Structures are given as C-alpha cells and as structure tokens.
Amino acid sequence: MFDRLKGIIKKEFYHIFRDQRTLLILFGIPIVQIVLFGFAISNEIKNVKIAILDQSKDEHSTQIIDKVLSTSYFDLDSYLNSFEEIDDAFQKGRIKAALVFPPKFSETLQKESKADVQIISDATDPNTGTQIGNYLQMQVQQYLMEHEVTATSTLPPMLINTEVEMRYNPELKSVYMFVPGLITIILMLVCTMMTSIAITREKETGTMEVLLASPMHASIILLGKVIPYLLLSFVNASLIIALGKFIFEVPVMGSYALLIGEIILYCLVVLALGIFVSTIAETQQLALMISLFALFLPTMLLSGFIFPIENMPLPLQIVSKIVPATYFNIIIKSIMLKGATLSFILKETLILAGIFFFLMGVSIKRFKIRLE
Amino acid sequence: MAVIKVNNLSKNYGEVEALKGIAFEVEQNEIFGLIGPDGAGKSTLIRILNSLILADKGEVSVMGKDPNKQYQYIRNNIGYMPGRFSLYEDLSVKENLEFFATIFGTTIKKSYNLIKDIYQQIEPFNDRKAGALSGGMKQKLALCAALIHYPKVLFLDEPTTGVDPVSRKEFWQIIKGLHQHNITIVVSTPYMDEADLCDRVALMNEGEILRIDTPKNVANSFDKPLYALEAKEGNYKLIKTLRAYPFLESVFPFGEKLHYTDQRDLDVTQALIEHLEAEGFNDINISKIASNTEDVFIRLMNNQKQ
C-alpha cells in the first residue's frame, strides 16, 4: 500500500516539476506578491507632498508651518498665493494635502483665543486622505499646546492628555499585515487551485479512467494527490515567512512549533477544499473558475485581510464566518504579531479542524469510484 | 466455464438507449471481438464489464463476480486499455510503465516475461515522453501498461483505431500471441476485416447484438448469392441505375466495386449484363463472390432497420 502511495506521489512530482506554468504559479506568485505588497503598496504616511497657502505670514502661522515641515511625514511642495492654485496643484497630482491659513491668523488667535486653519486632503484614496488629515491636525494641536506651555508656563486649565500606543505594530508598517495575510491567500491559491486542477486534469485526459480501473483505493488516489501539494505549500509558507523576516523585518513573536502546526492544519483545510472542488468540477477550466471566483475572491475580500469584518453588512459577515481563511487570519496574526499561545486561538483552531473533517468527509463520499 | 456471462443487459443515458437487453458469454482463453460502428455501444459494454459504469438492468458476471458489488476483485484481475490514449503524456515510456507497475503492486521485472515481446519494440524509446510517441507506439505502451499485472481478462477498447495499417497488423499479432499466457481477451473494433482475427465475434449495432458466431460462420451466413460488379462508367452512375432496377435487393459500394444481391435466387449474371448494356454501360464485369463479415453486417443492419 505504501509502495502504491509512493508511486503516485512520485508521479505527481514529475507532473509538477515538468510543467513550467505550474512551477511559476507555485513559486513565482508568492515571491512576486510579497515583494509587491511589501515595497509598492504602502499605507504609511511618509514624505507626503503638501502645499501651503499662508495668507497672514505672521508669527504663529510660520511657526506652525515650520513644525509641520520639520517632521518626516510631510514635504513642502510649494507656497501658494491663491485658492485657485490649490485646485491646480491637486489636479496635477503634485500634492496630497494643502494647509490654508486665513489672513490675520495670529491677531485673531490672540484676540479671540481661537482661529481657523483649513486642511484640504486628497480623498480619492479615502484611508490615506483621512490619515493625512489627522496627522496635520495633530501637528497643529501639538503646536498650540507647546506654545501655551512656553508662553504662560502653565498648563491649560482642563486637559485630557490622550496617548495612543500602537501595540504590536508601533510603526504602523503595512507589511506586518500583508505577510500573514499573504500566507493565508497564497496557501489557499496553491492548495485549492492546484489540487483541484491536478485531479480534474486526470479526468480530462482520461487517465482517471485507468486509475479507477486499477485496484487502488480512492483514498490512496486522493492522498497521493494531496501530499505533494502539502509539502510544496509548506515550503511556500516558510519562504514567505523567511522573506518577511529578513527583508521586511516582520517578527514571529509566538512559537515556531505552534505556527508550523497551524499552517499544516490550514493547508489540510484548503487541500480538502481543493478535493471538494474537484468532485464538483469535471474540467480543469471549471475547477479554475470555481477556485478563483468562488473561493479566492471571497478569501481575499472577506477574510479580514483587506477589509475589517466588523464593518461589513451582516450578510457578508455571515459569509466571512464560513470562509476558513477568516479563522486562519486571526490565528496567524495572533501568533506572528502578538505572540499568542494555543490557548488564545483554541476556538479558531477547533473550527478549522472541524471544517477539515467536514470537507474531507463530504469529498470522500462524493468522490466517484466509477465513471458516472 | 464461461469467464464472462451477460444476460438481458440494458443501459440508458437519459433518452438514449446505449444497450438494449443484450446477452452473450465469453469462454476461457477466447479472443472475443465486439464489432460495430461508433455508437454501437461497444465502449459502454466494456466499461460495464470492467466495473467502471453500472448497468441499469440485467445480470453481469466477470470471473464469477458481480461488477457492481465485487468490483475490487475484478479491478485486481483485469487489464483495461481505454479507447482514448490514457497514459501520462509528460512521463517517459519507462516512468509510465513503472508507475502502472507500482499501482498494481508489481514491477516491470516481474512481468517482463509477459510483456517482453511488446516492450522490446518500445524499449529503444524508454526515455521518450509518451506524448511524443507515434500512434502505434502509444498503443503498444498502453497495452504493456494494461498487462503489467498479469490480468486474467484483458479489455481492449478499439486498440487499433487511429493506428497505421502496419502497426495494426503488428498489434493483432501481439494480441494473438497473448493466447499462450491464458488470458481471455475482449476486444472492440470498428474495422470489419479485424473480425477474422478473433475466435468469436459479436456484431453490434445501436445497442443490440445482431449475431454472435465464429468469424468464418458469420461470413458464410450470407443467405443470398452475392455479386461484385464494376463498369467503365463508374460506381456512382452504376448504383443509380441499379437502384431503379426492379429485381434489386441491395447494392452498396465495397472497395473499388459494388456488392449486389438480387431478389431472384438463380444466377442473374447474364440478366444483369443485358440490363446494364441496355442502359448504356461498357466494360461490365460481374462475378459471383463469397461473402465476408462486412457483407453480413450490412445485411443484418438493414434487416434491423426494417
């Protein structure tokens, strides 16, 4: 029996290593994705170009401007002279935000103890827009506080000093989120898509007919298909973690043993999903379609990788509850970034295990030992 | 004792009746041919026998086992070569054979005695990918794979379709040669001339068996005198004229000539010549000939339609 299993695994590796497209999907996509996500796609506020329209040019306005520009967050694009120029600068894409001081800024501030500053932020990208707005606002508030203290040597009468600590990712690096998220997505892609295609390919080329007519048990055929992809997925996951650690300095706070165990569990779940797809689809093309549109997209969008689940409308939240990636996302983030131990993620782990046994049971039942 | 017994076997695909209550038996060590055109139900029948699909109705027994329940035993003891080339095209000849040897729990070495005559012909291409082999070579490789575990019964579904004439001949020699190894062979083919190479044949059409007999008896079973004719004006014009002839029973092209039967039982050679000369044909050549399987098949098929 083990000889048979070994034979079919060996054969499967021949298929994988002889097909360059398969190899490209297996190893090319993960590397390209992580480099793209890591380097190109960034939510961080850094060296944002801003323009300034200072209509008063007095003590307070210039000091605020100095303070804003002294940080690494903002770079000056230009000083403007009129409101029309603001639009122009936005449309040409030169700036992401503009800071506007009205005339007689210091005078108003001194007389009435309050004055207006206008912050215009480019909200074509809402998240970044809001973030830039908040940062600018913070700079202005800070200036006021500091000025008050130095000018009067007393604190303002009532003040709640909020201090935000960005725990687990103090520098708000987006790559912290992408590396665990990518492992989730890529394992899904490799395991589900590749196994379902590998099985349907045998149906299409007719080789499944010969396999079925052989005395091999269905579970051996399926195991022989699953084990190679389990190994390759594991290599893939290690590759992503290593790239994340050494290139992007994403830490692994929890234990590696737990991480490995959870990755294997998740691989098993998505492999079972792949087998399940292959029991529905008769052709490679259909298997590919199901993997991409029915599984890959929801995983990407609904697992909490890109959008927070709490903000979704109720029906989508329910869908996200049955996406296995949702649970793995929580698990892997907890282990890698928070250093969680098994007891913290026991619930998610058990749910994943449950999904695995359910899918495996259904697939073995659905797997046909005959041609029809 | 019969190795395969089939009784009242029916199979439908939706509206289409693929097999309409057929019955036959195959004896130990026989080469049993299923002869018939595409759509006759040959592949369906073979797949039911080797347990790959289930019959709707009727009794089937292969080596005394029911393909529905005891399929594990059957799958352990049969060799099956599907109609379509079903080996791995991206694996080499040797890798394919090794793979099939392992899944049947054996090795090339152990089975070498059985497959050596065939394997020696493809061994020079051991390292070539199966996808790059010629049609004949592919079929030889597939046959090796089907034989690798010393099956008791061998099912060959159209093994010579799409194979060049020389390879076809070689392939049949191989099949004949397997006789000495105590293997019962069920082989399907659309080529009527291959019927003569079987021990017994079943002529199949549209899900029915028209006749089961030895090839010789089948060929001789033609119950009318058969004439082969040709004329200078060509077959097309000749057929048209003969179809208008009141005594015609059947006429169909056969190779370069026409095969003709008449409603009258006596020798009609002279009468035909006179009729055709009157219709303006020249160089008329008519001879009485012995019938072959194809003549019988066409006649049976026409009877079936009526």
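1. N29(B) lies in the loop between strands β2 (16–27) and β3 (31–35) of chain B. Strands here are DSSP runs of E with at least two residues, helices are runs of H or I with at least four, and both are numbered from the N terminus. The phi angle of N29(B) is near 65°, a positive value in a residue other than glycine. With a relative accessibility of 23%, N29(B) counts as partly exposed. The cut-offs are under 20% relative accessible area for buried, over 50% for exposed and partly exposed in between, with a 1.4 Å probe and protein chains only.

2. This is a predicted model, in which local features need pLDDT of at least 70 and side-chain atom pairs pLDDT 80 or more, while totals for chains, interfaces and linings use all residues. Residues are numbered from 1 along each chain as its sequence is written, chains are lettered from A and ligands numbered from 1 in the order written, and side-chain values use heavy atoms, without hydrogens or water.

3. Chain B has 306 residues, and 53% of them are buried. Its secondary structure comes to 10 helices and 13 strands. The C-alpha trace of chain B spans about 70 × 45 × 35 Å along its principal axes.

4. N8(B) also deserves a look. Its phi is near 55°, positive although the residue is not glycine. N8(B) sits in strand β1 (residues 2–13) of chain B. Its relative accessible area is 39%, so N8(B) is partly exposed.

5. Now the charges. Over all chains, the structure holds 29 salt bridges. Each is a side-chain nitrogen of Lys or Arg within 4 Å of a carboxyl oxygen of Asp or Glu. One of them joins R299(B) to D223(B), with the closest N and O atoms 3.0 Å apart. R299(B) lies in helix α10 (residues 293–305) of chain B and D223(B) in the loop between α7 (215–220) and β10 (226–230), so the pair ties together parts that are 76 residues apart in sequence. R299(B) is buried, at 16% relative accessible area. D223(B) is exposed, at 58%.

6. That pair is part of a wider set. D223(B), K224(B), E249(B), D265(B) and R299(B) are linked in a network of salt bridges.

7. D262(B) and R264(B) form another salt bridge of chain B, their closest N and O atoms being 2.9 Å apart. D262(B) is buried, because its relative accessibility is 2%. R264(B) is partly exposed, with 22%.

8. E282(A) pairs with K368(A), and the closest N and O atoms are 3.4 Å apart. The pair links distant parts of the chain, 86 residues apart: E282(A) is in the loop between α10 and α11, and K368(A) is in the segment after α14 (346–366). E282(A) is partly exposed at 42% relative accessibility. K368(A) is partly exposed too, at 36%.

9. Last, the nonpolar surface of chain A. L286(A), M289(A), F293(A), L297(A), L301(A), I306(A) and F307(A) form a patch with about 630 Å² of accessible area together. Areas come from the Shrake-Rupley method with a 1.4 Å probe, and for residues only the protein chains shown count as cover. Patch residues have over 30% relative accessible area and no salt bridge; nonpolar side chains (Val, Leu, Ile, Met, Phe, Trp, Tyr) are joined within 5 Å, like charges within 9 Å. M289(A) is found in helix α11 (residues 284–302). M289(A) is partly exposed, with a relative accessible area of 41%.
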